[in-house]
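Good morning, and thank you for coming. Please look at the sequence and the structure on the screen while I speak.

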Amino acid sequence: MLALGLLSGCGGGAASSRAAPAAGKGTATGSASASAGPSDGAAPSADASFQDLEHRFHARLGLFLLDTGTGRTVTYQADRRFATCSTVKALAAAALLRKDDDADLARTIRYSRSDLLDYAPVTSRHVADGMPLSDVIAAALQYSDNTAENLMLRELGGPAGLQRAVREFGDTTTHVDRTEPSLNEAAPGDVRDTSTARALGTDLRALLLGPALPAARRARLTDRMLHNTTGGPYIRAALPQGWKAADKTGSGGHGTRNDIGVVWPASGSPIVVGVLSDRDRQDAPSDDALVADAVRTGLTALRGPAS
C-alpha cells in the first residue's frame, strides 16, 4: 500500500518558537558541551564549530547527541525551544502502538475527502476504502503524511490525548496543542507545539531503545522509522557507510528544519540524535545541509573523525 514513488516534504509550514529554554534542563542556551561517562575523557568543546554553522547558514541550532554505550553527550542549545513540526508524528505513532492492541491496529480508519490536507501522499489514495490504522501510522512515519497525523490524533483523543501520552513517556518539556496544519504556526515566543533537542532525543531513546514500549511494538516503530523516505538529506547524509538510522524529519516556516532519530554505527552502541533549527524570517528558506553538517560535526566531537 505504501510502495509509492519518491515523495518530498516533511509536513506543513511552521513558524518556530524561540521561547526561553526550560529551566533546569542541562546545557544553557548559547553553549556547546561534550561530556563523558566515568571511563571516558571529555571531548573538546564543539562550541565554535556549531556557532560557525549558525553564522554560515544564518540559522539557530539546537543539538543533542548521546552515545548510549559510553554515556558521552554532545549538546548545543539542547534546551532551546523550536517548533516540533512533523517530528511529533513519531510521538503520536508511539502513543498508538502502546495504547492499541492488534485488533485496533488492524481496524479500518474511515475519513472523507474534506479531511485531506495539502500534503497527503498516501491518505489521498484511500478515501473511498479507508486505511487500517497500522497503515495510517506507517504513512505518517514513512511519508510524513499530514492527514495521517490528524487521523492519529483523532484516535488519541486530539492533541490533549497525545499530550497526556507524552507526559506518560516521562517528557515534561514537549508541548502538543494543535492539529495539522495549525500545529506548524507557532510564532516566535509561542511555546505551543514546541520542544527541545534534548527532550525529543530522550523520548526516542526511551521509545526505540528503552522500556517505554513492549518489545514487539518497539521493533515495529523502529522498522517504520528505518524505512522513512524523507530523511535522506539530513541525519542519514552525515553517516559513514554501513551505519543506519531510524529517524523522523520535520520542516516548516521560519526556515525550520528538524530531524530526530537513533543511529546504529557499523560497530558500537546506538547513538541518539536530535537536531532542530530555524531562522529569523517567517518566509526564510531552509538549507538541508545544515542538519547534516551539524550531525557530522557532533559525531566528530562525540567519537572522533570517521574512518
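**Cavities, a covered helix and salt bridges**

The largest cavity has a volume of about 40 Å³. This is a predicted model, in which local features need pLDDT of at least 70, side-chain atom pairs count only at pLDDT 80 or more, and totals for chains, interfaces and linings use all residues. Residues are numbered from 1 along each chain as its sequence is written, and side-chain values use heavy atoms, with hydrogens and water left out.

Let me define the term cavity. On a 1 Å grid over the protein atoms alone, a cavity is a set of points where a 1.4 Å probe fits but cannot get out, and lining residues have an atom within 4 Å of a point. Grid points are joined across faces, edges and corners, and the volume is the space filled by probe spheres set on the points.

How many cavities of 30 Å³ or more does the structure hold? There are 2. The largest is lined by Thr84, Val88, Glu149, Leu153, His175, Val176, Arg178, Leu183 and Asp193. By class, its lining has 4 nonpolar, 2 polar and 3 charged residues. In this classification, Ala, Val, Leu, Ile, Met, Phe, Trp, Tyr, Cys and Pro are nonpolar, Asp, Glu, Lys and Arg are charged, and the others, Gly among them, are polar.

The second largest cavity has about 30 Å³ of space. Leu97, Ser134, Ile137, Arg220 and Arg224 form its lining. H4 and H8 are the elements that give two or more residues to this lining. Here the classes are 2 nonpolar, 1 polar and 2 charged residues. As for the names of elements, helices (H or I, at least four residues) and strands (E, at least two) are DSSP runs, numbered from the N terminus.

I turn now to helix H5, residues 146-156. Is this helix mostly covered or mostly uncovered? It is mostly covered, with 10 of its 11 residues buried. Buried means under 20% relative accessible area, exposed means over 50%, and partly exposed lies in between (1.4 Å probe, protein chains only). Among the buried residues of H5 are Glu149 and Leu153, and both of these also line the largest cavity.

What do the buried residues of H5 pack against? They pack against helix H2 (88-99), strand S5 (108-109), helix H4 (133-143) and helix H6 (159-168). At the N-terminal end, Asp145 caps H5, with a side-chain oxygen 3.0 Å from the backbone nitrogen of Thr147. After H5 comes Gly157, whose phi is positive, near 90°.

Asn150 is in helix H5 and is buried, with a relative accessible area of 18%. Leaving aside neighbours within four places in sequence, Asn150 is in contact (heavy atoms within 4.5 Å) with Leu117, Thr179 and Glu180. A polar atom of the Asn150 side chain lies 2.8 Å from the backbone nitrogen of Glu180.

Helix H4 includes Tyr143, which is buried at 6% relative accessible area. Tyr143 and Thr249 are 106 residues apart along the chain, and their C-alpha atoms are separated by 9.8 Å.

My last topic is charge. Side chains of opposite charge can pair when their charged atoms come close. A salt bridge is defined here as a side-chain nitrogen of Lys or Arg within 4 Å of a carboxyl oxygen of Asp or Glu. A search of the whole structure finds 16 salt bridges.

Which residue forms a salt bridge with Asp102? The partner is Arg217, and the closest N and O atoms are 2.9 Å apart. Because Asp102 lies in helix H3 (residues 102-106) and Arg217 in helix H8 (residues 215-226), the pair ties together parts that are 115 residues apart in sequence. Asp102 is exposed, with a relative accessible area of 52%, whereas Arg217 is buried, at 11%.

Lys99 and Asp100 form another salt bridge, with closest N and O atoms 2.6 Å apart. In this pair, Lys99 is partly exposed at 47%, and Asp100 is buried at 5% relative accessibility. Asp283 and Arg281 also meet in a salt bridge, at 3.2 Å from N to O, and Asp283 is exposed at 56%. Finally, Arg56, Asp293 and Arg296 are linked in a network of salt bridges.

How values were computed
A polar contact is a pair of N or O atoms within 3.5 Å; within protein, one must be able to donate a hydrogen and the other to accept it, and residues adjacent in sequence count only if both atoms are side-chain atoms. On a 1 Å grid over the protein atoms alone, a cavity is a set of points where a 1.4 Å probe fits but cannot get out, and a pocket is an open set with protein on both sides within 12 Å along at least five of seven lines; lining residues have an atom within 4 Å of a point.
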